[in-house]
Amino acid sequence: MTLQEFVALWQARPFRAFRLHTAGGVFAVDYPLAATLVPAQDAVALVQGPRIQLVPLATIERTDIHGPPLDPAAAIAAIPPERLARDAQLLAQAQADGAPEPEPGPPATDPGRVETQASRGADGRHLVHATLVARDGRALFSTAGTRWNLHGHERFDNGTTLYLHHLDHPTVEQRILVWPPDTGTFDSFAEAMPLAKLRRELERRDARLRRRPARPVTPAAAWFREIIPVYPEPYDDGRARMFGRDEDDFERFEFRLVERATDGGRIVRNPCLIDVAAEKILFQLIDTDWDGEIVRDGEEFVFTLEHAGPSRATVRFIVDPRRLSARMAEDGRPWPLGFFERSLHNFALHEKWDLLRAALHVGPPGPRQPDLVLPFAGDFRVEFGSARAWFPLPFLQPHFVAPDGRSLLDLRTTAWAAVVRIRPGTQQVRLRLVSHEDKDRLAEPRLELAVDLISHWVTAAGLPGSTSLGMIQAMVRNIRGSKWLAEELPRWMAKGHDVPLP
């Protein structure tokens with residue numbers, strides 16, 4: 001490591017706690033005054049408890065940041081005064097002495113080996129216990145006998161990190177760091193403890209979380225009010241009622257068929273209905289896979305459409321442009337024209353013709369009701385709900401529900417919708433996450449997930465490894481936008497590279 005690289009890390013604004021990795025060990029710096037340069041500027045003096053460690057810059061192999069960003073003054077203010085005084089005295093003595101102690105040769109480190117034991121719980125969930133084994137075959141630490149579930153692990157120079165979640169709190173990750181032969185911690189190097197004590201604390205937390213399972217997260221009433229779609233109503237200036245309609249008044253309405261190529265190469269003609277006099281688009285299916293024709297019938301338009309996707313669904317409906325309404329051709333009831341437009345745009349997310357036909361007959365859902373409900377094998381179901389009005393179509397947020405009413409994966413209130421494809425006769429679902437952003441929302445193959453709703457395990461197309469359903473739930477709640485999720489998802493999947501799949 002160069003002097004400039006260390007100074008940039010040490011004097012960063014804001015400051016973040018960091019670790020220095022050398023052949024002789026790993027050294028943590030948790031606030032700016034815990035380290036200094038010796039006068040020769042070829043070594044770093046670090047406070048390590050009650051003593052000073054001199055580390056030549058040339059021996060620092062790499063660094064990593066592990067703390068939150070803090071103002072340097074705030075980071076220093078968080079340290080007890082007695083420690084500040086002690087550390088200042090130690091560093092002053094180290095600068096006076098100046099010469100670094102010779103670095104010991106690299107020890108024979110043993111990061112340990114993780115052995116896993118997979119089983120299926122009574123509810124079908126995939127449970128993986130981890131045992132950390134030393135080079136000589138001794139079992140050092142194990143999660144067996146608890147409801148802690150392993151979803152990933154990583155090795156570092158002289159130890160192993162385990163990533164766990166609790167079956168009763170599946171969206172919260174618990175990290176455990178273990179340094180063989182007998183040291184580990186939950187959070188930071190400064191809180192290390194013997195492995196026997198670490199195991200007892202793990203059991204204590206397990207018992208506490210069993211007694212207090214996570215409460216279901218449900219959207220607030222204000223969110224339900226916010227997502228109710230508002231459809232345009234016909235404008236009435238009273239002229240037609242006062243003077244009667246002009247004979248050519250209906251000529252103001254025109255239709256267009258806009259050609260585009262689908263992903264499969266088929267040319268489709270997207271319908272569009274325009275009020276020329278008002279310079280306003282009344283109805284449009286542009287950039288969809290709906291293909292068809294429009295025919296005028298008196299003072300109405302008859303739409304006959306076919307979807308270019310695998311479903312090959314066909315729909316025929318009649319539009320009254322003056323009332324901004326539409327009804328199914330087979331004796332349907334008139335509903336707002338905007339409702340038909342929205343439903344046809346969102347068809348790409350599920351491609352279930354029976355659901356679309358039922359929705360267009362029944363009309364807009366009531367308050368707190370999903371737009372569509374799709375049941376599948378084993379009494380599982382997915383509820384497709386509306387989202388905030390400014391999110392571009394297609395956009396429906398799925399909520400997967402178990403037979404007993406438990407929420408399995410809920411995209412409501414997040415910035416994500418999804419294309420949902422269910423493997424017939426199973427509880428296996430393929431999701432392509434759809435961002436709230438305007439561009440390329442459906443064209444991001446890296447965000448395609450294979451979800452097993454029985455085992456609660458998830459893999460991703462083109463990415464090695466796996467993770468749990470709870471970790472996916474936590475990600476979609478906290479990450480917005482395709483770019484950021486495409487960066488985070490590979491890292492989370494890589495943690496589970498060696499975790500056995502169901």
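**Labels and their grounds**

Reply: In helix α1 (residues 3-10), the buried residues are Phe6, Leu9 and Trp10. The model is a predicted one.

Me: Why are the buried residues of α1 said to line one face of the helix?

Reply: Viewed down the axis of α1, the buried residues fall within an arc of 95°, so they line one face. The face turned away from that buried side carries the exposed residues Gln4 and Ala8. Among the elements covering the buried residues are β1 (18-22), β3 (35-37), β4 (43-48) and β6 (60-65).

Me: Why is Pro72 called buried?

Reply: Buried means under 20% relative accessible area. Pro72 has 13%, so Pro72 is buried. Pro72 lies in helix α2 (residues 72-77). Leaving aside neighbours within four places in sequence, Pro72 is in contact with Ala12, Arg13, Phe15 and Pro32.

Me: What makes the pair of Phe317 and Phe340 tilted?

Reply: Ring centres must lie within 6.5 Å to pair, and planes under 30 degrees apart count as stacked, over 60 as edge-to-face and the rest as tilted. Phe317 and Phe340 are 5.3 Å apart centre to centre, with 50° between the planes, and form a tilted pair. Phe317 is in strand β19 (residues 314-320) and Phe340 in helix α7 (residues 337-346), so the pair ties together parts that are 23 residues apart in sequence. Both Phe317 and Phe340 are buried. Ring pairs also link these two into a cluster with Tyr231, Phe283, Phe303 and Phe339. A search of the whole structure gives 18 aromatic pairs.

Me: How do you know that Arg205 lies over the face of Phe186?

Reply: The rule asks for CZ of Arg within 6 Å of the ring centre and within 35 degrees of the ring normal. Arg205 is placed over the face of Phe186, at 3.9 Å from the ring centre. Lys495 likewise lies over the face of Trp492, at 3.8 Å from the ring centre.

Me: What makes Asp157 and Arg62 a salt bridge?

Reply: A salt bridge needs a side-chain nitrogen of Lys or Arg within 4 Å of a carboxyl oxygen of Asp or Glu. The closest N and O atoms of Asp157 and Arg62 are 4.0 Å apart, and the two form a salt bridge. Asp157 lies in the loop between β10 (148-156) and β11 (159-166) and Arg62 in strand β6, so the pair ties together parts that are 95 residues apart in sequence. At 32% relative accessibility, Asp157 counts as partly exposed, and Arg62 is partly exposed at 38%. The count for the structure comes to 34 salt bridges.

Me: Why is Glu201 called buried, whereas Arg204 is called partly exposed?

Reply: The buried class ends at 20% and the exposed class begins over 50%, with partly exposed in between. Glu201 has 18% relative accessibility, so Glu201 counts as buried. Arg204 has 45%, so Arg204 counts as partly exposed. These two form a salt bridge, with the closest N and O atoms 2.7 Å apart. Both lie in helix α4 (residues 195-211), three residues apart, about one turn of the helix.

Me: How do you know that Glu251 and Arg296 form a salt bridge?

Reply: Against the limit of 4 Å, the closest N and O atoms of Glu251 and Arg296 are 3.0 Å apart. Glu251 lies in the loop between α6 (239-243) and β14 (253-261) and Arg296 in strand β17 (residues 290-297), so the pair ties together parts that are 45 residues apart in sequence.

Me: Why is Asp331 called exposed?

Reply: Exposed means over 50%. Asp331 has 77% relative accessibility, so Asp331 counts as exposed.

Me: Which residues does a cis peptide bond with omega of about 10° join?

Reply: That cis peptide bond joins Pro180 and Pro181. Pro181 lies in the loop between β12 and β13 (183-185).

How values were computed. Residues are numbered from 1 along each chain as its sequence is written. This is a predicted model: local features need pLDDT of at least 70, side-chain atom pairs count only at pLDDT 80 or more; totals for chains, interfaces and linings use all residues. Side-chain values use heavy atoms; hydrogens and water are left out. Helices (H or I, at least four residues) and strands (E, at least two) are DSSP runs, numbered from the N terminus. Buried means under 20% relative accessible area, exposed over 50%, partly exposed in between (1.4 Å probe, protein chains only). Contact means heavy atoms within 4.5 Å. The arc is that of the directions from the helix axis to the C-beta atoms. Rings of Phe, Tyr and Trp (its six-membered ring) pair if their centres lie within 6.5 Å; planes under 30 degrees apart count as stacked, over 60 as edge-to-face and the rest as tilted.
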